[in-house]
Amino acid sequence: MNVRYGSSGAARMHADEGGQLSFELVSEGTADPGPAGAAHTGLAYGSPGAPENTDTYIESLQRTDADAQKLAGIDVPRLDIRQASRLWAKVSSWVESDQIAYYINDSPVSSDAAYDARMLMLQKLEAQFPQLDTPQSPTHRVGGTFSNDFASVRHPSRMMSLDDVFSLSELKQWYEGVRRDLEWPQGKPLPMTCEVKIDGLALNLIYRHGILYQGLTRGDGVIGEDITMNVRTISSIPGQLSGTAAQVPEMVEIRGEVFMKFDDFASLNSQAQAEGRAVFANPRNAAAGSLRQKDPRITALRRLSFYAHGMGTLEWGDGDAGHPQAGTQSQAYSLYKIWGIPVSGHTREAVNFDQILEMVSYYDEHRYDIEHALDGIVVKVDDLALQRRLGSTARAPRWAIAYKYPPEEVNTELLDISVQVGRTGRATPVAHLKPVRVAGSTVSRTTLHNAYEVDHKGVLIGDTVVVRKAGDVIPELVGPVLAARKGREGQLRRFVMPRYCPSCGTELAPEKEGDKDIRCPNVESCPAQLSNRILHLASRQAFDIEHLGEQSALALTNPENNRPDSVSEYLPDTREITVAPGQEPPLYEPDPALQLPEVQSPAVTSEADLFSLRAEDLRDVRIWREIPVIEVVQGIDPVTGKKTKTRKNRGGSGLWSQSPAFYNLPTRGGKASDAQPSRTTVEMLSEFDKAKDAELWRVLVALSIRHVGAPTARLIAKRFRTLDAVAAASEEDLVSVDGVGAEIAASVASWFLQARDPESWRGKILHAWASAGIGSQAAEDPGLEQTLEGKTVVVTGTLADFSRESAKEAIEARGGRASGSVSKKTSYVVVGSSAGSKAAKAEELGIPILDEDQFRQLLMHGDVPHE
Ligand SMILES: [Zn+2]
């Protein structure tokens with residue numbers, strides 16, 4: 001044998017110090033115990049040789065060194081095949097565990113002598129009963145070269161997959177269908193199990209005589225892959241079933257799910273991160289990657305878990321006395337508990353549809369509050385006899401259904417990474433995704449924050465990536481699906497952070513050494529920064545100009561955005577290209593005389609220009625639009641006999657044309673000078689007046705001074721009252737305001753110091769705005785009573801009279817902090833209708849929960865009277 005634990009042939013001779021055995025100890029060389037008496041009884045330990053005693057004896061053998069030595073006394077040729085296979089199963093599981101302990105976990109659990117005795121027994125059994133000599137036997141395993149062979153193995157009984165439904169109405173249909181097929185009387189409870197659907201990998205465990213014999217992947221449901229070696233490294237899967245002899249069947253298939261708990265996943269990833277390796281995108285990927293390792297030593301290092309959720313074949317063998325009942329799904333789970341097989345603690349029983357709905361809604365809210373990832377609820381008819389009556393389709397059982405929650409995590413393709421320059425000049429890599437539905441909305445782009453983050457996530461352009469959107473959180477690119485790279489390496493490309501601003505060409509640089517973010521330092525005239533600042537000053541937190549959105553901000557500051565590089569992409573005066581179904585647009589050949597139009601200078605080059613704009617100034621502003629390809633299907637309505645036309649947008653043509661941004665095109669036959677400003681343009685210009693009446697804090701927000709958000713702006717406005725006073729304040733004055741830190745004070749003081757030069761960019765803004773009447777409004781005094789000073793309030797769910805934004809404003813206007821997440825520091829949680837897990841968390845932490853009326857009282861008085 002190749003395995004040697006420590007020293008020692010001598011230990012073997014003392015293995016039975018207990019002295020209860022009558023036989024001579026034998027060594028490896030003497031295959032046959034020999035003594036005549038022993039040979040006649042079949043067993044050499046002096047007990048009667050009746051077969052039932054042999055059974056009991058085999059049953060009684062334990063995985064101890066002492067019992068290992070007893071093996072040598074067994075007279076193998078006297079065993080029948082049933083006894084031999086029972087003994088083989090038992091001993092081979094011990095040998096395999098020994099091998100795993102020694103080779104994989106590097107911590108032997110048995111003595112060298114015991115291991116050798118067991119191995120010898122296996123060899124004897126296999127010599128006598130060749131049917132036991134399978135390629136999977138540990139006798140064929142050469143030490144040190146452990147690996148899974150992933151042999152294809154037929155499941156004793158087929159592993160069905162479940163039908164999925166994605167809506168409650170489909171779930172209801174299934175439920176009604178089951179009741180109808182069973183002719184179940186109206187109103188009579190029909191017991192079902194509701195189980196949390198684990199987002200993991202299906203596994204079939206085969207136990208023979210209570211011993212783990214094989215672990216198989218689902219494969220195609222008929223044939224799976226043998227991953228027994230890896231399964232043995234999962235600590236919660238017992239090598240041997242617990243329970244009395246009558247409780248343990250001759251053979252059973254236990255179906256369940258292998259997964260990684262959130263906690264184990266987090267520690268696996270943080271270790272990978274510490275070692276500079278790529279991290280897994282989610283627990284499911286981590287579990288899959290771990291389970292299908294050739295080398296079980298790697299699997300052993302990963303902390304995989306298992307919950308059983310079904311049963312395949314169950315054979316009790318001969319003798320029917322005292323077997324536990326397994327006539328229902330729930331009884332099977334009770335049996336699993338006896339055997340030491342882990343089952344989910346989240347399973348509930350339901351006897352009507354309402355109870356199923358309760359389960360569905362409870363776990364929808366608590367998706368991230370349990371120990372593992374889940375993607376739905378599985379409902380099963382409990383009674384196995386009823387299950388048989390319902391039967392199966394070719395693919396799935398009729399007695400079970402999987403209700404799937406809207407996916408909060410999906411795979412899609414990372415098409416490209418571009419760099420966008422934001423309001424404060426920060427250059428941010430943005431992921432462009434193949435549009436995908438996740439958690440109820442379509443996602444096509446998401447921020448990657450900075451170049452370090454791109455590196456850290458390890459994504460390459462062209463990767464299949466995991467995108468997550470949990471609750472109302474913005475979509476996040478989690479990471480690449482590493483397995484999907486195979487064979488596509490040539491199509492993947494590393495992202496490189498550009499050196500120059502993509503908007504204005506200025507060299508990007510970190511603001512100060514060690515910053516992870518890099519910025520475009522051209523604050524004054526970088527078009528990207530300007531258009532984002534304009535968008536910001538129009539936002540609800542500032543002047544609240546509704547019709548000044550992203551499109552308009554871009555058209556005002558950077559009308560040549562999207563200008564084509566060459567005339568071959570320029571098709572003037574064209575709104576759309578129509579084609580017949582299945583047809584491609586004709587190849588475009590520009591007129592040789594055609595030239596790209598002149599570059600326009602923007603209508604707005606600084607915030608200073610904005611409030612003096614008149615409609616006429618916007619007449620000639622044109623923006624570049626990609627011309628869409630529209631498929632037009634002509635037909636005849638079968639009922640009315642009228643001709644019909646349906647249009648389908650097939651997407652961009654790759655050709656661009658210009659169109660007016662703020663004016664409507666003149667009607668057919670009209671002159672260009674007849675064009676009129678669009679309705680939204682007129683409204684936008686009239687909303688500019690709002691800025692004149694804006695409170696001081698809004699003006700401060702609108703100036704886009706670094707680090708000054710609405711809460712800070714309110715504090716500063718409340719203290720200094722007028723824009724002139726703020727402009728004159730020193731850094732010391734500013735830092736003396738409660739809630740204004742050194743960094744904010746320095747930023748504000750420096751902004752206004754630079755603005756003192758009337759010729760400077762900042763000075764011009766202040767001057768222009770003052771001429772337009774902006775900033776003349778003194779802060780109201782006294783401001784609202786600061787009832788919520790030092791308090792943090794979380795609002796969750798929908799309120800009748802407050803939007804998310806207005807609730808936040810109300811809290812901040814009274815000096816409180818509005819937060820999005822519940823923690824120990826939260827003072828109050830305001831719960832509206834259809835509130836999610838935040839309410840539950842508040843309850844858990846003992847934080848006062850208020851309804852909308854109590855919220856109003858809180859705003860007024862700073863607390864809520866006790867009932
Ligand atoms: Zn720039």
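Tutor: Two residues are in contact if their C-beta atoms, placed from the backbone, lie within 7 Å. Bear in mind that this is a predicted model, where local features need pLDDT of at least 70, side-chain atom pairs count only at pLDDT 80 or more, and totals for chains, interfaces and linings use all residues. Residues are numbered from 1 along each chain as its sequence is written.

Student: What share of the contacts with a separation of 6 or more comes from residues 24 or more positions apart?

Tutor: Start with the contacts in the protein that have a separation of 6 or more. Residues 24 or more positions apart make up a share of 67%.

Student: How many helices and strands are there in the protein?

Tutor: Both are DSSP runs numbered from the N terminus: helices are H or I with at least four residues, strands are E with at least two. On that count the protein has 29 helices and 25 strands.

Student: What span does helix H7 reach from its first C-alpha to its last?

Tutor: H7 covers residues 168-181, 14 residues. The expected span is 1.5 Å times one less than the number of residues. That gives 20 Å for H7, and the helix comes close to it, reaching 20 Å.

Student: Which residue in S14 stands opposite histidine 432?

Tutor: S13 (residues 427-438) runs antiparallel to S14, joined by 6 bridges. Opposite histidine 432 stands arginine 445.

Methods:
Pairing = 2+ DSSP bridges.
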